[in-house]
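Visitor: Could you walk me through this model, with the cut-offs spelled out as we go?
Guide: Gladly; here it is, and we can begin with what counts as a contact.
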There are 2 protein chains.
Amino acid sequence: MRLLLGIDIGGTNIKIALIDKKGRIKAKKTFPTADFKGNRALIERITGETKKLLAEYGVVKKDIIGVGVGAPGAVDIRSGTVHYLTNVPDWSEVPLGNILKNKLGLLTFVDNDVNVMALGELFFGSGIGAKNMLCVTLGTGVGGGLILEGRLYRGSSYAAGEFGHVPINIAGPRCNCGSWACVEAYVGNNYIVRDVITQIKNGEKTLIKKLVNGKLSKITPEIISRAARAGDRFAKEIWRDVGNKVGTGLAGVVNLLNVEKIVIGGGVAEAGKILFDSIKKTIAARAMKLPAKTVKVVKAKLRRDAGLIGAAALVLYEAGI
Amino acid sequence: MRLLLGIDIGGTNIKIALIDKKGRIKAKKTFPTADFKGNRALIERITGETKKLLAEYGVVKKDIIGVGVGAPGAVDIRSGTVHYLTNVPDWSEVPLGNILKNKLGLLTFVDNDVNVMALGELFFGSGIGAKNMLCVTLGTGVGGGLILEGRLYRGSSYAAGEFGHVPINIAGPRCNCGSWACVEAYVGNNYIVRDVITQIKNGEKTLIKKLVNGKLSKITPEIISRAARAGDRFAKEIWRDVGNKVGTGLAGVVNLLNVEKIVIGGGVAEAGKILFDSIKKTIAARAMKLPAKTVKVVKAKLRRDAGLIGAAALVLYEAGI
């Protein structure tokens, strides 16, 4: 059986895997992104590990359908150029796709990590069969990938899908993107944690404080979720508020795009039912009747290896398999 | 030369026209929507006037490529069903497309009026050549039509494009749609006028009051524009604020869809430069760098007869001409 090669370039780790056409990982290698002096050394390592992976699994080039790569930020898909890569200081406008294609001698496709995740959910996850869908990741950043009319929608300069930077207030907190009051400026990991710390410092009584033994710098979304599951009123209110903010942004997407599915993944999505209930309630209250009735909000199915499996899906998608 | 038949069903008037393939109106009839006892009488009149128009212009059925109809609200394009029609009390779920097709014996297409307007701008107006574009109408209601990848984007239940109901605040004024703080709840005609009246009653000094001889119920967007053009500080501030609200909603669309063009029409768009400058400034401040650089905001080219010309464009679009 022929296989796919998935490469997931993250801020922390780079993962490379052999994946079958059903999205199952057959063999995998992981190494840290920050270990390299520059982009040349990093690319050497990627190609080296890829060749090792093939050899160890006992397959050769002709067994590989193609290579899919997911990378953070905007990607120019024509040349596979990745504009920036945090933790690799000299990385700027590197045509990673073209370089890998030449070095590996394999069909290679590169796209933005959230676009790749959307394709992963479409081919192998919660989005199977969807015609129009938004895929959202809730984490440090808030990302989005759009499937419209069954196709990945990239926009006029490959920059579409930025759900995290849809404004949900006229005025509001500064956002990393340079604007303010974007969805991410309220529900990005750091913003949630900062808000919780501020409220605790202002005297809020909550289990969260006990769970970190008073060390507020140890607060994470996971800790807030643990407190919420234990019934902590304040922690539950935090997730309801996050759901209201995300749901307000999504109500706009539902009215604008009349998508039938919204798939939500990322670390913050692990807050689970209380968050999803609040998102759904907000969409029901704020989106128009017909599109609100049409849309289903579901949790992403692919978890830890979503980037890898999505990268494999990118190959199937681009090769039309 | 073969011609197109355009029918524009509005809340106030119904217009029927013979239009050539370049979008030029050759002959036209107009009559009020509210003159009829029920939907049967109205449809009789439409077919009667259509036949009269053909006879008067000296053409027969085989000279007509097809009939395009633009109607308000959600339209099920499969049967051409128009769900509601204000001013025609017994109009509910009428399969207008199928009825006209049978009665006229012509290829017939029906779609939402703003979708039709978007096609009109794409074929004959400010949107020629655009691949990804949002068409916005600013009037009593705020509507939107989307062209994505060169195709009219209708969504999973033909309800897409509702830019007027994208929320721009977590909390805010009630909107006609049942939600609150939508774009339309700030910049729909009546909301703008109501806001101006409130501020004048609260003691605001403005030329607007003089222009209506103190009769505040006579205030319209046109009057506010006239005051703004005459240099009235308050009136100018109103349009800047409308531009900020519209621009905030559009910044979200730009980040989400990375469209290359935004075409703005409707009565409120006549406020002109001061409004457009404010919209552009807000998008530049609030959208991400790359998509903000990509997008052009322009005024709609088709004016009074946009609905008719759009209806003709719908025929060309659907027939693949």
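Guide: Two residues are in contact if their C-beta atoms, placed from the backbone, lie within 7 Å. This is a predicted model, in which local features need pLDDT of at least 70 and side-chain atom pairs count only at pLDDT 80 or more, while totals for chains, interfaces and linings use all residues. Residues are numbered from 1 along each chain as its sequence is written, and chains are lettered from A and ligands numbered from 1 in the order in which they are written.

Visitor: How is chain A divided into domains?
Guide: Chain A has domain 1, covering 3-120 + 305-319, and domain 2, covering 129-299, with bounds that come from an automatic or database domain assignment. The C-alpha centres of domain 1 and domain 2 of chain A lie 28 Å apart, and eleven residues of domain 1 of chain A are in contact with twelve residues of domain 2 of chain A.

Visitor: Which element gives the most to the domain 1 side?
Guide: On the side of domain 1 of chain A that touches domain 2 of chain A, α3(A) gives the most, with five residues. By class that side has nine nonpolar, one polar and one charged residues, where Ala, Val, Leu, Ile, Met, Phe, Trp, Tyr, Cys and Pro count as nonpolar, Asp, Glu, Lys and Arg as charged, and the others, Gly among them, as polar. Element names follow DSSP runs numbered from the N terminus, with helices being H or I of at least four residues and strands E of at least two.

Visitor: What about α11(A), is it covered or exposed?
Guide: α11(A) is mostly covered, as twelve of its 14 residues are buried, among them A:L308, A:I309 and A:Y317. A residue is buried if 20 or more other C-beta atoms lie within 10 Å of its own, exposed if 12 or fewer, and partly exposed in between, with C-beta atoms placed from the backbone. Just after α11(A), A:G320 takes a positive phi of about 70°.

Visitor: And which residues of α9(A) are buried?
Guide: They are A:L275, A:S278, A:I279, A:T282, A:I283 and A:R286. Seen down the axis of α9(A), these fall within an arc of 130°, so they line one face of the helix; the arc is that of the directions from the helix axis to the C-beta atoms. What covers them includes α8, α10 and β13 of chain A.

Visitor: Switching topic, how many residues of chain B are in contact with chain A?
Guide: 37 residues of chain B are in contact with 37 residues of chain A. The elements that give two or more residues to the chain B side are α8, α9 and α10 of chain B, and the largest share, seven residues, comes from α8(B). By class, the side of chain B that touches chain A has 20 nonpolar, 13 polar and four charged residues.

Visitor: Last one: where is B:N39, and what is it in contact with?
Guide: B:N39 is in helix α1 of chain B, residues 39-57, and counts as partly exposed because it has 18 C-beta neighbours inside 10 Å. Leaving aside neighbours within four places in sequence, B:N39 is in contact with B:V88, B:D90, B:W91 and B:V94. B:N39 and B:D90 are 51 residues apart in sequence but 6.4 Å apart in space, C-alpha to C-alpha.
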